[in-house]
Amino acid sequence: MKNVYVLGNWKSNKNPQEAIAWRDIYLQHTNELPKTVKVILCPAYHHLSLFDLSTFPSLLGVQDISSFDTGAYTGEIAASMVKGIVQYAMIGHSERRKYLLETDEQVGQKVKKAIESGIIPVVCISDIEQAKKLCSFIPDYAGKGLILYETLTAIGSGQAGTPESANAAAKEIVDILGAVEVLYGGSVVPENVARFTSQQYISGVGVGGASLNAEKFIKIITNAS
């Protein structure tokens, strides 16, 4: 049986009070979360301190890490700085590639830093060429991290891509990288999540806007199992 993941990406949202309110609602429903789903929550860096690792029922991740080690790199967060706080790191999200002009080379460097620090990378790709680039940088990536396949036309649109096309893209990614677990991202909601997680080559979903609402996020997790 394959693993099923639900990754929540808060992006640049929530002040501390809003994050605490979300956390408290989520914790009230801890016993309702299916044990078969691995939940990864990726809030902003400054929200991580609000989640007690000893009691929070899900895994934590960051939305990005630096391609540098610790040192004189103002504003950067090195992988070693969040080691022991998070288990996962999103790398190469399409919004970072678009707005911050992040390159495939930078993505490759960040993946290496994550792996060196014992953090599992979740590499975001939106086309097959990016998968080939990752393979050239990290030939043995399978088994070391996850892939989040983003359908650019679906992100933030409210219109998800078809499960069949997402599954076909995931198969191509597996053919290139090997036995890697692929998540689908793009307008995932409680009503459509099972259509994606039931596909042969899709091992979970990445959730953006819907993860900002604790109740909706819990429904996605429940329906994903």
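Guide: Helices (H or I, at least four residues) and strands (E, at least two) are DSSP runs, numbered from the N terminus. This is a predicted model, where local features need pLDDT of at least 70 and side-chain atom pairs pLDDT 80 or more, while totals for chains, interfaces and linings use all residues. Residues are numbered from 1 along each chain as its sequence is written, and side-chain values use heavy atoms, leaving out hydrogens and water.

Visitor: How do I read a helix pair, and at what angle do H5 and H6 cross?

Guide: Two packed helices are described by the angle between their axes and the distance between the axes. Here the axes of H5 (residues 128-137) and H6 (residues 163-177) come within 9 Å and cross at roughly 20° (lines fitted to C-alpha atoms over the stretch in contact, with angles from 0 to 180 degrees between N-to-C directions). The two are therefore roughly parallel, a label for angles under 35 degrees. Ile128, Ala131, Lys132, Leu134 and Cys135 of H5 make the contact with Ala169, Glu172, Ile173, Ile176 and Leu177 of H6 (heavy atoms within 4.5 Å).

Visitor: Which residues of H5 are buried?

Guide: Buried means under 20% relative accessible area, with a 1.4 Å probe and protein chains only. In H5 that gives Ile128, Gln130, Ala131 and Leu134. They cover an arc of only 155° around the axis, so they sit on the same side of H5 (the arc uses directions from the helix axis to the C-beta atoms). Their packing partners are H3 (94-99), H4 (104-116), S5 (120-125), S6 (146-150) and H6.

Visitor: What caps the N-terminal end of H5?

Guide: Aspartate 127 does, with a side-chain oxygen 3.0 Å from the backbone nitrogen of glutamate 129. At the start of H8, a side-chain oxygen of asparagine 213 comes within 3.1 Å of the backbone nitrogen of glutamate 215.

Visitor: And loops? Where does phenylalanine 51 lie?

Guide: Phenylalanine 51 is in the loop between S2 and S3 (59-62). At 4% relative accessibility, phenylalanine 51 counts as buried. Leaving aside residues up to four places away in sequence, phenylalanine 51 touches Trp10, Trp22, Arg23, Leu41, Pro43, Phe56 and Leu60. Arginine 23 is 28 residues from phenylalanine 51 along the chain, with 7.7 Å between their C-alpha atoms.

Definitions and conventions: A polar contact is a pair of N or O atoms within 3.5 Å; within protein, one must be able to donate a hydrogen and the other to accept it, and residues adjacent in sequence count only if both atoms are side-chain atoms. Angles under 35 degrees count as roughly parallel, over 145 as roughly antiparallel, 65 to 115 as roughly perpendicular and the rest as oblique. Buried means under 20% relative accessible area, exposed over 50%, partly exposed in between (1.4 Å probe, protein chains only).
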